[in-house]
Amino acid sequence: MASLYEAALPRADQLYERVKRVIPPPEWATFAGDVDAILALKRKHNAVILAHNYQTPDIYHCVADFVGDSLQLAREAMKVDADIIVQCGVHFMAETSKILNLGKTVLIPDGKAGCSLASSITAEDVRLLRTKFPGVPVVAYVNTSAEVKAEVDICCTSSNALEVVESLQSDTVIFVPDQYLAKYVAAHTKVKIIAWQGACEVHERFTADELRQYRVGDPSLQIIAHPECPPDVIAEADYTGSTAAMIDWVRKNRPRRVVMVTECSMADNVQAELPDVEFVRPCNLCPHMKRITLPKILDSLLDLKEEVVIDPAIAERARRPIERMVSLKLS
């Protein structure tokens with residue numbers, strides 16, 4: 001297969017223009033060599049990098065080929081023309097890319113990059129829920145393992161959870177594993193939601209009192225929140241949406257000052273693009289996302305590690321609910 005990178009690659013010094021507002025020159029000096037090496041190895045191996053919105057700006061703006069939320073990355077994973085996919089995110093995202101590309105090599109720079117939501121539920125838990133609530137369809141947030149996805153009817157992301165739930169045309173739906181996203185959906189639908197009690201360790205730490213403090217002295221401050229946050233946080237926000245929707249909201253509205261109530265690297269990534277917007281950062285970091293670094297991406301491409309491997313029988317069953325989600329025609 002011909003390389004995806006026939007054209008001349010940009011150099012690290014050229015890419016610095018994208019991030020100079022959020023990465024000071026001394027820090028960039030430690031990144032530049034790795035950036036150049038990663039770009040060269042992508043060309044050598046015909047590899048692409050998928051990076052979630054929570055990755056740091058050096059990854060997001062300088063080495064990634066595709067960026068976005070879980071839904072965007074799943075869609076890109078279905079159509080990438082490459083031999084190797086490097087998933088810069090957490091493990092369930094790499095599993096999703098592998099499920100959608102069984103014939104490709106999928107790498108994750110750190111296999112220990114997990115997720116509190118994914119670890120909160122097992123396939124056996126889903127089977128028990130089906131026994132307890134026979135005939136009730138099960139929706140799984142994409143923040144779940146391949147084994148869990150293999151047991152459910154359809155997947156969703158935070159950007160399409162409401163539409164996915166209502167697409168099932170059932171008066172009751174089991175929703176796993178995020179209790180707060182389930183509550184958010186329940187507040188916007190007549191469908192009865194049976195929720196699992198998982199939570200994102202980043203978003204559940206935000207509080208309404210914290211957000212009210214940010215408004216002190218500046219009532220014009222805009223607050224936008226992720227639906228994985230607790231209900232009192234969402235009630236305090238001016239807008240609630242997925243990571244992609246939050247970014248689009250800031251691009252469209254260009255607030256003078258804004259708080260993005262989510263993992264704080266996303267504010268850095270948007271700040272690099274929109275220097276006229278001031279971001280007030282309630283900096284809750286995801287310890288799992290932060291396991292992915294430029295040196296680990298470089299090592300992953302040098303040694304083609306750590307490869308994501310899924311039992312083919314599980315992958316085949318898990319693929320159906322993911323494809324059903326991606327192909328769903330939503331308004």
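Biologist: Let's start with Tyr60: leaving aside neighbours within four places in sequence, which residues is Tyr60 in contact with?

Modeller: Contact here means heavy atoms within 4.5 Å. With those neighbours within four places set aside, Tyr60 is in contact with His52, Asn53, Gln55, Val67, Ile247 and Asn269. Keep in mind that this is a predicted model, where local features need pLDDT of at least 70, side-chain atom pairs count only at pLDDT 80 or more, and totals for chains, interfaces and linings use all residues. Residues are numbered from 1 along each chain as its sequence is written, and side-chain values use heavy atoms, with hydrogens and water left out.

Biologist: Where does Tyr60 sit, and is Tyr60 buried or exposed?

Modeller: Tyr60 belongs to helix H3 (residues 57–60); helices (H or I, at least four residues) and strands (E, at least two) are DSSP runs, numbered from the N terminus. Its relative accessible area is 11%, so Tyr60 is buried (under 20% is buried, over 50% exposed, in between partly exposed, with a 1.4 Å probe and protein chains only). Ile49 lies 11 residues away from Tyr60 in sequence and 9.5 Å away in space, C-alpha to C-alpha.

Biologist: And how many residues of helix H4 are buried?

Modeller: Six of the eight in H4 (residues 70–77), so this helix is largely enclosed by the rest of the structure. They are Ser70, Leu71, Leu73, Ala74, Glu76 and Ala77. Among the elements these buried residues pack against are strand S1 (47–52), strand S3 (84–88) and helix H15 (312–327).

Biologist: How do I read a pair of packed helices?

Modeller: Two packed helices are described by the angle between their axes and the distance between the axes. Axes are lines fitted to C-alpha atoms, for helices over the stretch in contact, and angles run from 0 to 180 degrees between N-to-C directions. Take H2 (residues 25–45) and H14 (residues 294–303): their axes are 9 Å apart, at an angle of about 30°. H2 and H14 are therefore roughly parallel (under 35 degrees; over 145 is roughly antiparallel, 65 to 115 roughly perpendicular, the rest oblique).

Biologist: Which residues of H2 and H14 meet?

Modeller: From H2, the list includes Phe31, Val35, Ile38 and Leu41, and from H14 it includes Leu294, Ile297, Leu298 and Leu301. The residues of this contact divide into 11 nonpolar, one polar and two charged (Ala, Val, Leu, Ile, Met, Phe, Trp, Tyr, Cys and Pro count as nonpolar, Asp, Glu, Lys and Arg as charged, the others, Gly among them, as polar).

Biologist: At what angle do H12 and H13 cross?

Modeller: Roughly 35°, with the axes of H12 (residues 243–253) and H13 coming within 11 Å. Thr243, Met246, Ile247, Val250 and Arg251 in H12 meet Met266, Val270 and Glu273 in H13. That contact has five nonpolar residues, one polar and two charged.
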